[in-house]
2 protein chains.
Amino acid sequence: MTQPTAAVLLIGDELLSGRTRDINLQQIAQYLEPIGIPVRECRTVSDVQEEIVAAVNALRAKYTYVFTTGGIGPTHDDITADAIAAAFNTGISEHPEVIADMAKRYEAMNTEFTPARRRMARIPHGAKIVQNPVSGAPGFQMENVFTLAGVPQIARAMLEDIGPRLEGGERVHKVQLRGTGLREGDIAERLGAIAKTYPSVSIGSYPWYLGMGDNGVALVARATDTGLLATVQGELEALMRSLGVEPVLDPA
Amino acid sequence: MTQPTAAVLLIGDELLSGRTRDINLQQIAQYLEPIGIPVRECRTVSDVQEEIVAAVNALRAKYTYVFTTGGIGPTHDDITADAIAAAFNTGISEHPEVIADMAKRYEAMNTEFTPARRRMARIPHGAKIVQNPVSGAPGFQMENVFTLAGVPQIARAMLEDIGPRLEGGERVHKVQLRGTGLREGDIAERLGAIAKTYPSVSIGSYPWYLGMGDNGVALVARATDTGLLATVQGELEALMRSLGVEPVLDPA
């Protein structure tokens with residue numbers, strides 16, 4: 001079985017200017033992990049069509065799935081739908097069902113269905129709709145590329161509609177052990193030896209320094225084989241204890 | 001005067017798995033903005049040498065400066081220094097001054113200077129050191145590529161040593177106006193017209209939905225010309241007020 005893979009493309013000047021700290025990569029990765037689709041790459045580009053097109057085409061050729069976020073609202077800086085159409089060399093126009101749904105929704109809200117709001121119903125030709133239960137304006141799926149809103153709550157809701165369309169892979173299990181007071185330099189050699197002994201288990205080491213003596217190292221092990229993972233967990237626990245540090249197992 | 005540009009390369013499985021929510025892009029962008037170096041692109045790659053090398057080489061050819069974060073610690077998954085050396089097709093070995101500094105530091109801490117810790121003194125040939133006042137192990141500069149730690153406090157401290165080496169550009173000024181209760185669909189047409197009238201001012205529109213009625217739109221305008229920026233600010237304020245919303249100006 002080939003493991004499916006994913007890439008995330010974050011679109012928006014606000015991420016590159018430092019105005020907004022992204023959380024969509026994290027929530028997409030956390031959604032995909034349990035269904036066995038690891039995110040392998042992420043790119044962040046500005047609201048410039050050629051940049052979006054180049055990134056979409058690079059990523060969709062390389063990974064099983066691509067998830068874009070941002071740029072599908074009603075304002076002039078929302079150019080993602082046009083960029084996706086351009087990337088796939090197809091047209092874009094108002095989607096009749098989306099127009100009908102949105103018209104109904106705005107009528108119920110006693111809100112004018114302005115030309116700007118109609119822009120949000122423009123969908124690249126051949127794309128499938130991704131439902132947006134939060135605010136109505138949909139995302140869409142163009143082959144293996146899913147286009148989501150940038151607002152995190154909406155992006156999260158859209159993942160629920162996308163989930164059943166994805167072909168998952170072998171589930172990757174993980175354990176995280178935290179060792180308060182531990183220092184990477186004291187464990188690195190033995191940790192490297194464990195990593196070498198179990199090449200099919202991916203082991204990461206992440207120090208933290210929060211000040212006031214709150215520092216340490218978190219060790220994360222990932223594997224599809226739960227038996228092997230348990231063995232590695234035991235070795236990591238033994239490594240910490242040999243240095244007088246009691247490992248704390250984080251909830252999976 | 002050509003405007004310098006920057007790209008950020010975030011390195012680490014923990015970002016792609018969703019374990020860690022990145023904050024380094026934001027702090028690097030916020031550091032560079034006042035000195036007139038806009039970040040144009042960001043990529044996040046895993047701890048795989050070919051992926052790092054490919055991204056470094058793509059970005060350093062395209063942008064004035066590249067900033068990498070992550071992967072320069074003492075453990076087996078810290079492969080950034082080797083990847084940078086490979087990207088520049090140069091060698092890597094222990095840097096005598098760094099070894100001397102670190103030996104002194106560890107002696108003062110009464111800590112063994114292990115082979116793993118010595119790994120952190122391996123610097124690509126031809127690179128300049130970037131000081132790390134927090135924990136000693138340095139970053140480095142290879143031509144236009146700056147390699148920083150992944151731990152945010154350390155990355156931030158390293159920027160202070162890098163700053164004087166950068167040639168800044170024309171300062172981009174910005175204003176942000178928040179309109180609580182505002183909806184993008186109600187302002188989009190007139191906002192687009194303002195953006196069209198002032199093409200040298202970049203205008204972004206960012207809705208928020210925090211629930212409990214706390215929603216609205218933040219409008220951000222950016223320009224090098226402060227006079228023009230003030231004019232646009234006036235137009236955006238008038239747009240909000242015409243809809244009965246009092247704009248709140250955020251501190252610059």
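Contact, for these notes, means heavy atoms within 4.5 Å. I'm working on a predicted model, where local features need pLDDT of at least 70, side-chain atom pairs count only at pLDDT 80 or more, and totals for chains, interfaces and linings use all residues. Residues are numbered from 1 along each chain as its sequence is written, chains are lettered from A and ligands numbered from 1 in the order in which they are written, and side-chain values use heavy atoms, with hydrogens and water left out.

**Entry 1: A:Gly36**

I started with A:Gly36 and asked what it touches. Skipping residues up to four places away in sequence, I found A:Gln3, A:Pro4, A:Gly168, A:Gly169, A:Glu170 and A:Arg171. A:Gly36 sits in the loop between α2 (24-32) and β2 (39-45) of chain A. For the labels: helices (H or I, at least four residues) and strands (E, at least two) are DSSP runs, numbered from the N terminus. Is A:Gly36 buried or exposed? It's buried, with a relative accessible area of 1%. Buried means under 20% relative accessible area, exposed over 50%, and partly exposed in between (1.4 Å probe, protein chains only). I also checked A:His173, which is 137 residues away from A:Gly36 in sequence, yet their C-alpha atoms are 9.1 Å apart.

**Entry 2: A:Leu177**

Next I looked up A:Leu177, which belongs to strand β9 (residues 173-180) of chain A. A:Leu177 has a relative accessible area of 0%, so I wrote it down as buried. Beyond four places in sequence, its contacts include A:Val217, A:Leu219, A:Leu236, A:Met240 and A:Pro247.

**Entry 3: B:Gln26**

Which residues does B:Gln26 contact, leaving aside neighbours within four places in sequence? They are A:Gly18, A:Arg19, A:Thr20 and A:Arg21. B:Gln26 counts as buried because its relative accessibility is 15%.

**Entry 4: chain A as a whole**

Then I zoomed out. Chain A has nine helices and 12 strands, and its C-alpha atoms fill a box of roughly 65 × 45 × 35 Å along the principal axes. Of its 252 residues, 56% count as buried. I looked at contacts in chain A between residues at least 6 apart in sequence, and 69% of them join residues at least 24 apart.
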